[in-house]
Amino acid sequence: MMSADVMNGNVLTGGFADAPVQAARAFRAALEAMARPGRIETVEGAEAPGISTAAAVLLLTLCDRETPIHLAPGCDGAALKRWIAFHIGAPVVAAEEAMFALGGWQALKPLDRYRIGTAEYPDRSVMLIVEVESLESAGMKLTGPGIESEAALNLPEVEAFARNGLLFPLGWDCYFTAQDRLAALPRTTKVEAL
Amino acid sequence: MTEQAYNFAYLDEQTKRMIRRALLKALAVPGYQVPFASREMPMPYGWGTGGVQVTAACLTPEDRLKVIDQGADDTTNAVSIRKFFERTAEVETTEHTAEATVIQTRHRIPEQPLGEGQILVYQVPIPEPLRFLEPRETETRKMHALEEYGLMHVKLYEDIAHNGAISTAYAYPVKVEGRYVMDPSPIPKFDNPRLESAAIQLFGAGREQRIYALPPHTRVVSLDFEDHPFEASKADHDCDLCGCGTSYLDEVITDDAGGRMFVCSDTDFCASRQADGHRGALSPQEELA
């Protein structure tokens, strides 16, 4: 639950209390999630105004002054910008320049604005952090690297992932966040409706 | 003894974030080499600085770390890296493959299959599989971009033309998910089939500043030809200490008159088998009761 402090716009709170250890645990969860698409991991230790704990943890763990962030409508409030400025120091930029982008699925669109890397450097692509209502291991069928036979995750649609898959090895990768839970979907995962 | 003067796992947080971002992109594009800003570590290049940085970025206080060098837990490189993390991250260490959550390795994959919840971190000297065929980074990068791997097949073909068989015995090139050709680090080609694993495999090259990865259950195919299929070869012998006929063996010279013995390169595997009562041809005679 969000503390009264953060709710009231006190942007100085909500960061990690013990950054090296909490970031290490959070990264392990993020790593397991990215290595095993569809797996839902639980994280803790951060809260930022207007976004889920999981999204705040990802920002603190992965972002710093070297990572331009795009905030989609709905996640671009003044309080969150101040929180990012204080805790992370990342520049807030347009979608085209972002290494990370945060927002709801519809708000993040159109997705063809984001960086997908280049043929020689496919890693120079955006990481989308998609805020969703809830995460469940049900809905769409996932296959690909990291998945033994198949996995399932409630994703907002199929088409965007199919189009992203056609770009391989280019493309964007994403985390889905809801409350204190997160799951990942790298560009290699094939998504099908059940 | 703990070293409170150091940050958890030695590296500063900004460095860890940079490595962590590279690791996530490496998992997203399996087999592709992600450039990263490798740091100077308190050990020389060639002693696992890439692996140590990847391990440092992944460790949590709850981890149990195992470090092996050519399969052995008790060689200088393995012992010093294990001690390094005991001091700077205060993690537990172990020599038992099954108990380890993070395993840093130089040039071997443990005999015992790895599973979920385990991470294998490889120390990589030359991450670019095409480097000895094309020295220019600008060119090899283009070759990966264009999926232009003909040169590698020419090399393997020339091996066959000269020697009658593919003579590459270690660092045997593989193709990952049908896209990137990858150097699996100088593991013996015997280990190649085990690159398809349930564990997460991360590769760190410190001097060359590259990180790459294999997510679990990723398709990894050793390059070969229809009429010269890939073969995971090993010394045609059983272990002289535990009798195992299927493990990878080291040849040990025992005198200056041609005497030699073969022993498992994976010391934990061999010791566990001996503890279970398995014996080899040169095992010490047991005392009779």
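Is B:Arg179 buried or exposed? With a relative accessible area of 8%, B:Arg179 is buried. Keep in mind that this is a predicted model.

B:Arg179 has a salt-bridge partner, B:Glu147, which is partly exposed at 35% relative accessibility. B:Glu147 sits in the loop between helix H4 (137-145) and helix H5 (150-163) of chain B, while B:Arg179 sits in the loop between strand S6 (174-176) and strand S7 (180-182), so the two tie together parts 32 residues apart in sequence.

| Salt bridge | Closest N to O distance |
|---|---|
| B:Arg106 and B:Asp69 | 2.5 Å |
| B:Glu147 and B:Arg179 | 3.7 Å |

B:Glu92 in strand S3 (residues 92-93) and B:Arg64 in strand S2 (residues 64-69) are 28 residues apart. B:Arg64 is partly exposed, at 29%. For the second pair, B:Arg106 belongs to strand S4 (residues 102-106) and B:Asp69 to strand S2, 37 residues apart. B:Asp69 counts as buried at 11%, whereas B:Arg106 is partly exposed at 22%.

Over all chains, the structure holds 32 salt bridges. Some link up into a network: A:Asp64, A:Glu66, B:Arg17 and B:Arg21.

Now for chain A, where six strands make an open sheet with mixed pairing, in the order S1-S8-S7-S4-S3-S2. Strands S1 (41-42) and S2 (69-71) of chain A are at the edges with a single partner strand each, so one side of each has no neighbour in the sheet. S1(A) pairs antiparallel with strand S8 (residues 181-185) of chain A over two bridges, and A:Thr42 stands opposite A:Arg181 in S8(A).

Note on methods. Residues numbered from 1 in each chain as written. Chains lettered and ligands numbered in written order. Predicted model: local features only at pLDDT ≥ 70, side-chain atom pairs only at ≥ 80, totals over all residues. Heavy atoms only, no water. Pairing = 2+ DSSP bridges. Helix = DSSP H or I, 4+ residues; strand = E, 2+ residues; numbered from the N terminus. Salt bridge = Lys/Arg side-chain N within 4 Å of Asp/Glu carboxyl O. Buried < 20%, exposed > 50% of the residue type's maximum accessible area, 1.4 Å probe, protein only.
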